[in-house]
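Welcome! Here is a short briefing to read alongside the sequence and the 3D view.

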Amino acid sequence: MARILIINGPNLNLLGVREPDIYGRLSMEDYIEAIKADYPDVEIDYYQSNHEGDIIDRLHEEGFDSGLSGIILNAGAYTHTSLAIADAIKAIKVAVIEVHISNVHAREAIRHTSLISPVCRGVIAGFGLDSYRLAIEAFLY
Ligand code: DQA
């Protein structure tokens, strides 16, 4: 059975509550339940942290012999600032897809730069929570 890990970074624990015009009204927990029902043959694990080092620890833990098909990472604002997360992605063996709920390129200039894009398998942005499902499809293909 394929196993995929979704990692969400800072402030994404507030999905459904935080800036709903940008990020929607659904909580990540509800979305994960829905997506698990859509993919009964895929083990979908979910981890969220507001702390850069915790995200890096999880990438290290899952990035070598975990048997994962892939990691889907929405690093939140760390996308635009964290050389440390970029280095962790580069260091591990499991492929990472960068995901964003919003179209970061249609937003403020600071969100147009991603330090992690160059070390990710690919980038999906702007499809709301469906961005995560599209990343799952990319790993299953
Ligand atoms: C985000 C976009 C980032 O710029 C922002 O800091 C987030 C969420 C997105 O999913 O659209 O926290 O990664």
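How many nonpolar, polar and charged residues does the shell around the ligand have? The shell has four nonpolar, five polar and three charged residues, where Ala, Val, Leu, Ile, Met, Phe, Trp, Tyr, Cys and Pro count as nonpolar, Asp, Glu, Lys and Arg as charged, and the others, Gly among them, as polar.

This is a predicted model, with local features needing pLDDT of at least 70, side-chain atom pairs counting only at pLDDT 80 or more, and totals for chains, interfaces and linings using all residues. Residues are numbered from 1 along each chain as its sequence is written, and side-chain values use heavy atoms, leaving out hydrogens and water.

**Around the ligand**
- Residues around the ligand (a heavy atom within 4 Å) include Arg 18, Tyr 23, Asn 74 and Ser 102.
- Oxygen atoms of the ligand make polar contacts (N or O pairs within 3.5 Å): one is 2.7 Å from a side-chain N or O atom of His 80, and a polar side-chain atom of Arg 111 lies 2.9 Å from a ligand oxygen.
- The protein covers 99% of the 320 Å² of accessible area that the ligand has on its own (Shrake-Rupley method, 1.4 Å probe).

**Salt bridges**
- There are eight salt bridges (a side-chain nitrogen of Lys or Arg within 4 Å of a carboxyl oxygen of Asp or Glu).
- One of them joins Glu 62 and Arg 3, with the closest N and O atoms 2.9 Å apart.
- This pair links distant parts of the chain, 59 residues apart: Glu 62 is in helix α3 (residues 52–62) and Arg 3 in strand β1 (residues 2–8), with helices (H or I, at least four residues) and strands (E, at least two) taken as DSSP runs numbered from the N terminus.

Technical notes. A polar contact is a pair of N or O atoms within 3.5 Å; within protein, one must be able to donate a hydrogen and the other to accept it, and residues adjacent in sequence count only if both atoms are side-chain atoms.
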